[in-house]
Amino acid sequence: MALSSEGQSLAGTAALVTGGESGIGLACARRLAADGVIVTICGDSEQGIKLSAEAHGLRYRIADVTDEDEIAGAVADAASNGPLRIVIASRSEEH
């Protein structure tokens, strides 16, 4: 079970994982989701991010993390799902 630094469950909170379509980012996203965290993954490959999200029951947002407006939109999307408690910056294996 994922716990906050205060020892409280993170179930029902939100997370944003960049590079979440594969590799370490996807593994982190899947683990958080298994613990009840509402996870949004983001990346700039529409096909890859959508397929990964659908395959693992995750939410997704197409966003280039080098674009301030796009990443702000991804943060807003993730935060709309509950208190945003976790942000993981990962790099997709495709880059």
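**A parallel sheet and one of its residues**

Strand 1 (residues 14–18) runs parallel to strand 2 (residues 38–43), and five bridges join the two. Strands (E, at least two residues) and helices (H or I, at least four) are DSSP runs numbered from the N terminus, and two strands count as paired if DSSP finds at least two bridges between them. The model is predicted: local features need pLDDT of at least 70, side-chain atom pairs count only at pLDDT 80 or more, and totals for chains, interfaces and linings use all residues. Residues are numbered from 1 along each chain as its sequence is written, and side-chain values use heavy atoms, without hydrogens and water.

The pair belongs to an open sheet of four strands, in the order 3-2-1-4, with parallel pairing. Strand 3 (59–62) and strand 4 (84–89) form the edges, each pairing on one side only. On average, neighbouring strands are turned by 20 degrees against each other, direction ignored.

Helix 1 (residues 23–34) packs on this sheet, touching strand 1, strand 2 and strand 4, and its direction makes about 165 degrees with that of strand 2. Helix 3 (residues 68–79) also packs on the sheet; it touches strand 1, strand 2, strand 3 and strand 4, at about 150 degrees to the direction of strand 1. Such angles run from 0 to 180 degrees between N-to-C directions, the axes being lines fitted to C-alpha atoms, for helices over the stretch in contact.

Within strand 1 lies T18, which stands opposite C42 in strand 2. Leaving aside neighbours within four places in sequence, T18 is in contact (heavy atoms within 4.5 Å) with C42, V65, I71, I88, A89 and S90. The side chain of T18 reaches the backbone nitrogen of S90 at 2.9 Å. T18 has a relative accessible area of 9% and is therefore buried, a term for values under 20% with a 1.4 Å probe and protein chains only.

Conventions. Buried means under 20% relative accessible area, exposed over 50%, partly exposed in between (1.4 Å probe, protein chains only). A polar contact is a pair of N or O atoms within 3.5 Å; within protein, one must be able to donate a hydrogen and the other to accept it, and residues adjacent in sequence count only if both atoms are side-chain atoms.
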